[in-house]
Structure formats: structure tokens, C-alpha cells
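Trainee: Could you walk me through reading a sheet and a helix here?

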Amino acid sequence: MTDSELNVDLRGLPIETLNDFWDAVSGPCGLPEWFGRNLDAWSDTIVTRGISEVIDSHDALVVHVDRRGLFDGNRQEAAVLAGIFDGERNRLVVHGPA
């Protein structure tokens, strides 16, 4: 590891669903084709590690999103997704008006 952060900036992208989120993070996070595209697979990827060489080569993952669509504050699936990020090694930063 390189004592570095992988910053994935998804601001400006239309993320309305979890599928949109998977589409948006796949490239920058180096997710393999066989990635499960579900919350358990994401947890394995960012918490357990060993799935993405890109994520594994950094000490921390920071994903930036806009407070709209999936992340407008009212979506249960977004809350569950956000809960997978531990706030230290893996952070989800939601930008925009509260």
C-alpha cells in the first residue's frame, strides 16, 4: 500500500439507482466484470478487500457524490450503501445542500 487515498468523484453524474452507482464506480475503482453489483459485493470489495487491485493499492477510498437522485436523503438503499463505508478507511462524501 502507498499510504494514499483513491478519490472517486461522481459529482455531476446522474445517479438515480444502485445500478447507476455500480456503473459509475466500476471504471475508477477497477471492479472486475464478475463483480456482483450488490451491497454485499461492495462490502467485500471495500471492507474485506481482495477484489479490486485499484482499491487494494490505496489505503483509503473516498467516493464523492451529489446530494440528489439516489443520495437525496430519502432513499433507504442509499442509507444502507452509506453504512458500508466506515468513515475512516472508506468514506462516502455527499456534497450539496442539506
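Predicted model: local features only at pLDDT ≥ 70, side-chain atom pairs only at ≥ 80, totals over all residues.

Trainee: What is the strand order in the open sheet, and which pairing does it have?

Mentor: Strands of a sheet pair through backbone hydrogen bonds, parallel or antiparallel. Here the 3 strands run in the order 1-2-3 with parallel pairing. Strand 1 (5-9) and strand 3 (90-95) are the edges, each pairing on one side only. Strands are DSSP E runs of at least two residues, helices H or I runs of at least four, numbered from the N terminus; pairing takes at least two DSSP bridges. Strand 1 and strand 2 (residues 60-66) share 5 bridges, and Asn-7 has Val-62 as its bridge partner in strand 2.

Trainee: Which residues of helix 1 are buried?

Mentor: Buried means under 20% relative accessible area, with a 1.4 Å probe and protein chains only. In helix 1 those are Leu-18, Phe-21, Trp-22, Ala-24, Val-25 and Cys-29. They pack against strand 1, helix 2 (39-48), helix 3 (53-56), strand 2 and helix 4 (76-84), contact being heavy atoms within 4.5 Å.

Trainee: What happens at the start of helix 1, and what follows the helix?

Mentor: At the start, a side-chain oxygen of Thr-17 comes within 3.3 Å of the backbone nitrogen of Asn-19. Gly-30 follows helix 1, with a positive phi near 65 degrees.

How values were computed: Residues numbered from 1 in each chain as written. Heavy atoms only, no water. Buried < 20%, exposed > 50% of the residue type's maximum accessible area, 1.4 Å probe, protein only. Polar contact = N/O pair within 3.5 Å; in protein donor to acceptor, adjacent residues only side chain to side chain.
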